[in-house]
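This report describes selected features of a two-chain model. The sequence and structure are shown first, and the description follows.

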Amino acid sequence: MPDQNLIQQQKRDRRRMFADMRFRAYGILGLMIAGGALLFLLGNIFTTGYDAFRQTVITMEFNLNTDDLGISQTASVEAIQQANTLKVAKQALYALFPEVSKSKDKRNLYKLISLGAEHDIRNQLFNHPESIGSKVTLTVPMSSDVDQFYKASQRGEEIKSRLDQQQQQWLQTLINKKMVTVKFNSDFFTRADSRYPEIAGIGGAVVGSIYTLMICLLISFPLGVAAAIYLEEFSRDSFITRIVEANINNLAAVPSVIFGLLGLAVILNTFNAPRSTPLAGGIVLALMTLPTIIIACRSAIKTVPPSIREAGMAMGASKIQVVFHHVMPAAMSGTLTGTIIGLAQALGETAPLLMIGMVAFIANVPGTPTDPATALPVQIYLWAESAERGFVEKTAAAIMVIIVFLIVMNLLAVLIRNKTRISNK
Amino acid sequence: MNNNANPVMRADSVNVFYGKTQALHDVSIDIKQQQITALIGPSGCGKSTFLRCLNRMNDVIENCTITGQITLNKEDIYAPSVDIVALRRKIGMVFQKPNPFPKSIFDNIAYGPRIHGMAKDKDDLEEIVTNSLDKAGLFNEVKDRLHNSALGLSGGQQQRLCIARAIAINPEVLLMDEPCSALDPIATNHVEELMWELKANYTIIIVTHSMQQAARVSQQTGFFHMGSLVEVGRTEQIFQNPVDKRTRDYITGRFG
């Protein structure tokens with residue numbers, strides 16, 4: 001405007017610039033708050049869960065004599081199963097403290113060692129039957145109370161321990177003899193749940209989750225893609241298809257616990273699928289994931305440019321050929337991304353699994369999808385409500401494992417997206 | 001000029017409706033063998049609609065109805081017994097925007113022969129691909145990168161690839177829907193030269209916005225206006241001595 005002088009112009013410009021800067025500052029502030037909250041959460045989980053990956057162990061000499069074990073030199077597998085390894089473990093510890101004679105004190109003394117010691121001795125018998133009758137040096141886990149106490153004292157913290165004065169003295173003697181160490185807890189990844197936190201592992205839940213997700217993927221992906229293709233490419237716009245579409249969109253918003261109830265009523269009670277198994281869990285989660293996959297696949301199909309379809313048709317491709325040769329390859333990246341997001345959602349789902357009994361205490365790693373199992377989020381739920389102190393760090397560690405799972409799945413989604421995009425160029 | 005050639009395709013009073021809107025009124029035209037027929041007219045006049053009737057691409061559009069008769073070699077292409085796949089194999093099409101498949105150059109050409117089972121073996125297929133690219137004048141430009149993605153080609157090359165793809169299945173008629181409107185003048189020139197060469201073996205119908213192009217490449221021209229075929233005749237006659245006033249006005253640039 002000609003009658004506007006330069007100063008006014010500058011004022012307006014400056015105001016505009018400030019508005020810009022303010023808006024940018026709000027954005028940065030928002031990001032910082034979100035990032036800070038995330039960092040706090042992750043930091044908290046990491047510092048709590050870090051200790052679950054370390055286990056206090058004791059290295060002692062065990063006398064595997066046949067009298068204590070109650071088995072012969074050439075024992076069968078069944079016999080080893082019955083061997084009295086508890087006695088061997090006890091004898092080994094008592095040998096270090098000959099002065100302890102009262103049975104009550106002996107009981108307290110043995111509380112320093114974990115139940116896992118018996119497992120480890122039995123494994124030794126299985127793997128090296130020739131060692132029966134001789135003396136072996138083994139490293140076995142110590143009890144959760146010792147574990148907590150020792151790791152805290154190493155950090156220089158004083159914690160309220162369940163170990164009494166006498167037990168702490170005994171432990172100090174063992175520490176002075178340099179028998180007690182802390183090692184990486186690889187058993188955490190291979191063992192299943194246990195009532196004893198020091199030998200409870202995430203392995204069972206990880207395998208259970210993998211089986212469940214596999215069943216879920218095998219059911220929901222083909223069904224979802226087929227449904228999406230039919231709705232997008234073949235169905236005519238009729239009253240029925242519109243009802244179907246509305247219902248798919250509604251299903252995506254149904255609370256997951258309802259799917260659990262459906263699974264309980266239909267899959268367990270009507271079809272008699274085995275309870276508490278990844279098979280039943282996978283079917284229920286598949287029902288839950290289906291709408292997500294259908295919606296993702298349909299929108300991916302919608303974004304395929306009509307020119308590709310026309311090109312295929314003009315070359316004399318049939319409807320099916322156009323769909324499978326041209327439309328689906330172009331829509332695959334969107335479909336797979338949606339599928340992985342759906343699966344990630346299913347991985348974190350707890351409620352429907354509770355309804356079909358995957359919340360049971362399972363002390364074995366499942367071998368097949370029809371073995372009773374638990375899943376990662378359910379395991380977290382179970383441990384979180386356990387009273388023992390040792391389970392606090394296990395809970396945090398399990399959360400770390402599930403987060404790693406989610407990150408891997410999302411990375412996979414990004415990789416697939418990038419790969420299909422490059423091949424389009 | 002081969003004016004006495006047999007009509008390969010013949011449209012007889014074709015009407016097209018999209019729902020209740022009539023897009024084409026009573027269009028009748030003879031398409032002569034081994035000639036280039038140009039369809040011109042202002043935007044929205046129905047020339048593309050008519051072209052898409054010729055290989056039944058309008059079938060997929062919901063509530064599109066077509067009356068009248070279109071024949072290919074005296075066979076009604078809308079007869080219920082006609083296999084639409086076989087029809088499109090005989091009538092190829094090239095679109096306005098180059099639309100190669102997001103595959104390699106080789107696979108783009110090989111797609112048609114593959115789905116129609118035209119090649120006995122791998123060597124046969126390679127020969128078809130080489131021949132088609134050669135006929136489209138593209139072979140020398142792409143022979144070193146046959147297995148690279150077709151989307152890496154320039155727009156003009158992509159369009160010639162689409163032409164090569166269309167002729168790979170040996171159609172009788174080639175429909176071209178404004179094949180040069182997305183191309184620069186040099187690429188346009190390439191495509192026009194190509195059309196001249198293809199004329200020896202194929203019957204070509206081209207829809208174009210450019211009257212110069214129609215005048216340059218075609219032997220027969222049809223002028224569409226408001227959904228009717230106003231005038232059709234030899235290209236020189238249409239451009240130099242049009243009968244209808246609307247044709248004259250359009251050609252002299254008074255509207256459209």
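Gln34(B) is partly exposed, as 17 other C-beta atoms lie within 10 Å; a residue is buried with 20 or more other C-beta atoms within 10 Å of its own, exposed with 12 or fewer, and partly exposed in between, C-beta atoms being placed from the backbone. This is a predicted model, in which local features need pLDDT of at least 70 and side-chain atom pairs count only at pLDDT 80 or more, while totals for chains, interfaces and linings use all residues. Residues are numbered from 1 along each chain as its sequence is written, and chains are lettered from A and ligands numbered from 1 in the order in which they are written.

Although not a glycine, Gln34(B) has a positive phi of about 50°. Gln34(B) sits in the loop between strands S2 (21-32) and S3 (36-40) of chain B; helices (H or I, at least four residues) and strands (E, at least two) are DSSP runs numbered from the N terminus. Asn73(B), also not a glycine, has a positive phi of about 50°. Its loop lies between strand S4 (64-72) and strand S5 (75-76) of chain B. Asn73(B) is partly exposed, with 14 C-beta neighbours inside 10 Å.

Beyond its neighbours within four places in sequence, Leu174(B) is in contact (C-beta atoms, placed from the backbone, within 7 Å) with Gly92(B), Val94(B), Ala166(B), Ile167(B), Leu198(B), Tyr202(B) and Ile204(B).

## Contact between the chains

In the interface, 21 residues of chain B are in contact with 15 residues of chain A. Helix H2 (84-90), strand S6 (91-94) and helix H3 of chain B each supply at least two residues to the side of chain B that touches chain A. That side divides into 10 nonpolar, 7 polar and 4 charged residues; Ala, Val, Leu, Ile, Met, Phe, Trp, Tyr, Cys and Pro count as nonpolar, Asp, Glu, Lys and Arg as charged, and the others, Gly among them, as polar.

Key
Two residues are in contact if their C-beta atoms, placed from the backbone, lie within 7 Å.
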